[in-house]
Amino acid sequence: MAKVHIKVGDTVYIRTGKDRAKTGEVTKVLTSTGRVVVKGVNVVKKHQKPNNQNQAGGIVEKEAPIAAANCMLVCDSCKKPVKIGYKFNEAGDKVRICKACGAEIETVSHAAKA
């Protein structure tokens with residue numbers, strides 16, 4: 001499995017490719033391939049056959065995965081794309097920190113989003 005520094009719910013900045021300089025929220029992380037799916041980025045058209053879920057079929061637009069190495073995390077306090085580091089907080093938990101300002105990067109949990 002590839003090491004991925006990005007988690008679901010993070011806001012990321014796209015560094016390279018056709019969607020360079022866009023930002024978006026991570027909706028899915030594929031650790032086996034080291035790729036992430038970002039909302040509104042790398043939108044591709046797929047020819048879909050009709051089935052039970054999609055009666056009409058046709059051409060469907062969907063987000064395709066991009067390499068996690070091409071994404072930079074956007075710091076909540078800096079509001080800029082930054083490199084991240086890791087440290088242990090007072091409670092003994094390993095947390096991500098912003099290398100630019102030193103602030104702790106909050107992880108959005110699935111329960112908090114729902």
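Setting aside neighbours within four places in sequence, D19 is in contact (heavy atoms within 4.5 Å) with I14, V41 and N42. D19 sits in the loop between β1 and β2 (23-30); strands here are DSSP runs (E, at least two residues), numbered from the N terminus. With 10% relative accessibility, D19 counts as buried, a term for under 20% relative accessible area, with a 1.4 Å probe and protein chains only.

A word on what you are looking at: this is a predicted model, in which local features need pLDDT of at least 70 and side-chain atom pairs count only at pLDDT 80 or more, while totals for chains, interfaces and linings use all residues. Residues are numbered from 1 along each chain as its sequence is written, and side-chain values use heavy atoms, with hydrogens and water left out.

### The two domains

The chain is assigned two domains, with bounds from an automatic or database domain assignment. Their C-alpha centres lie 23 Å apart, and ten residues of domain 1 are in contact with ten residues of domain 2.

| Domain | Residues |
|---|---|
| Domain 1 | 1-74 |
| Domain 2 | 82-114 |

### The core

A nonpolar core is a set of buried Ala, Val, Leu, Ile, Met, Phe, Trp, Tyr and Cys residues joined through side-chain atoms within 4.5 Å. The largest one has 17 residues, and V12, I14, V36, V38, I66 and C71 have the most contacts inside it. At least two residues of this core come from each of β1 (11-14), β3 (35-38) and β7 (71-74). Domain 1 and domain 2 each supply at least three of the core's residues.

Take V36 as an example: beyond its neighbours within four places in sequence, its contacts include V4, V26, K28, I66 and C71.

### The pocket

Where does the largest pocket lie? Both domain 1 and domain 2 give residues to its lining, so the pocket lies between them. On a 1 Å grid over the protein atoms alone, a pocket is an open set of points with protein on both sides within 12 Å along at least five of seven lines, and lining residues have an atom within 4 Å of a point.

Thirteen residues line the largest pocket, with K7, Y86, K94, V95 and R96 nearest its centre. β10 (94-98) and β11 (104-105) each supply at least two lining residues, and β10 gives the most, with three.

How values were computed:
Buried < 20%, exposed > 50% of the residue type's maximum accessible area, 1.4 Å probe, protein only. Helix = DSSP H or I, 4+ residues; strand = E, 2+ residues; numbered from the N terminus. 1 Å grid on protein atoms, 1.4 Å probe; cavity = no way out; pocket = protein on both sides within 12 Å on 5 of 7 lines; lining within 4 Å.
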